[in-house]
Amino acid sequence: MSSSGTVVIVGAGLAAAHAVAALREGGYDGHVLVYGSEPHHPYERPPLSKGYLLGTTDPAAVFAHPASWYDEHDVDLRLGSTVTALDLASHHVMAGSDRQRFDKLLLATGAQPRRLPMADDSGAPVAYLRTIENSDRLRSAFTSGARVVIIGAGWIGLEVAAAARLAGAEVDVVETLEQPLLRVLGAEVGQVFADLHRDHGVTLRLGVQVSQIRGDANGADVLLADGTRLEADLVVVGIGVNPDVELARTAGLAVDDGVLVDASLRTSHPDVFAAGDVANAEHPRLGRRVRVEHWDNAIRQGAAAGRSLLGEDVAYDRLPYFFTDQYDLGMEYVGHVGPEGYDEVILRGDVPGRVFTAFWVSKGRLVAGMHAGDWDAIGPIRTMVTSGVVDLDTLRDPGIPLAELAG
């Protein structure tokens, strides 16, 4: 790509920040223009449900770069500016009255919380978590004795539940599935998180749907299909996110659960790329498309997109990675259990004590692994899952160290 051209990035999140860094580190000295709808410089979202929400993280630490970094690297960062349309035929983006030509375009529009109309239309105090402002509101609401009902027992729901309990709030978590994190971790490890939250005073209401939400002067009534009535000062909805594909769809790009991209992160238009939560990418190692909504992917895929914009030969094949911190439990996970599911989970270590490793096996291959509280294990886990090949009888033997299994 000519260094005299213009790269436009739509979205000012973590993927955008690392794409810009890769462009400048790769020697690109042309115009780099980033549009961001929020008023903030690019920041990391995991702290919003962890340390930032708890008040234990320095607010400045959530930002991908210091504010001065963008001027120092000659980045035209336009915050509070929403791109409203793409004209791919003429290579222009429109943001209000601003019409900007691009040579290469990166879509890093991320995702938006999945809405629950029943809650939104109820008149009840309802909150979602995606932005700094959302996290600020939750932190203010989480006070001793406050009644919080959380709908959804995924990562966001459980991390918010932990923060609320640590602040002294009374917490009910409502989930339609029989276990927390069932679709992600399965019943075996989902039970660990169920026990963790019960041990910390969270009331888990599993396998039940919300039938009605009513707002009143005192907060909210949440009615469950089994007849239970929950009183709440705040209802937090954490039922997942939807990739923000409307710009791409309207412009005629191929979309299907995200913007479709190849392994180099190129969309159906040769000059348009996508990265982060919005990108549904061909994954060379997994042999299928994957859309990943986690911090590590935004960082690594953003950087890979920056190299692709430079014209480098890039094949993004990093295995998905995510982590969580809830109460005193920290966990890291590597890999991806595909739509066909898994055949077996092999647990090693002290599961009741929540210091253990877990490995997911499908058709004789290792497809994912995690540790809880065993921080030295993530290196061997990554090596083993990347290989996918392991003697399962040996893996089942807790007397054989992971480092030996990883070779």
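In the predicted model, Asp76 is partly exposed, its relative accessible area being 23%, and the residue takes part in a salt bridge with Arg78, in which the closest N and O atoms lie 2.9 Å apart. Arg78 likewise counts as partly exposed, at 25% relative accessibility. A second salt bridge to Arg78 is formed by Asp98, with the closest N and O atoms 2.6 Å apart. This pair links distant parts of the chain, since Asp98 belongs to strand β6 (residues 98–101) and Arg78 to strand β3 (residues 75–79), and the two residues are 20 residues apart. With a relative accessibility of 22%, Asp98 also falls in the partly exposed class, because that class covers the values between the limits of 20% for buried and 50% for exposed residues.

A further salt bridge joins the side chains of Arg147 and Asp233, at an N to O distance of 2.9 Å. Arg147 is located in strand β10, whereas Asp233 is located in the loop between β15 (229–232) and β16, so the pair ties together parts of the chain that are 86 residues apart in sequence. Both partners are partly exposed, Arg147 with a relative accessible area of 22% and Asp233 with one of 33%. Through salt bridges that share partners, Arg147 and Asp233 are joined with Arg214, Asp221, Arg229 and Glu231 into one network. Across the model, the count of salt bridges comes to 27.

Strand β10, which carries Arg147, is also part of an open sheet of five strands, arranged in the order β9-β16-β10-β11-β12 and paired in the parallel sense. The edges of this sheet are formed by β9 (126–127) and β12 (203–206), each of which pairs on one side only. Within the sheet, strand β10 (residues 147–151) and strand β11 (residues 170–175) are paired in parallel over five bridges, and Ile151 stands opposite Val174 of β11. In general, the strands of a sheet pair through backbone hydrogen bonds, in either a parallel or an antiparallel arrangement. Helix α6 (residues 155–166) lies across β10, β11 and β16 (234–237), and its direction makes an angle of about 165 degrees with that of β11.

Notes. Residues are numbered from 1 along each chain as its sequence is written. This is a predicted model: local features need pLDDT of at least 70, side-chain atom pairs count only at pLDDT 80 or more; totals for chains, interfaces and linings use all residues. Side-chain values use heavy atoms; hydrogens and water are left out. Two strands pair if DSSP finds at least two bridges between them. Helices (H or I, at least four residues) and strands (E, at least two) are DSSP runs, numbered from the N terminus. Contact means heavy atoms within 4.5 Å. Axes are lines fitted to C-alpha atoms, for helices over the stretch in contact, and angles run from 0 to 180 degrees between N-to-C directions. A salt bridge is a side-chain nitrogen of Lys or Arg within 4 Å of a carboxyl oxygen of Asp or Glu. Buried means under 20% relative accessible area, exposed over 50%, partly exposed in between (1.4 Å probe, protein chains only).
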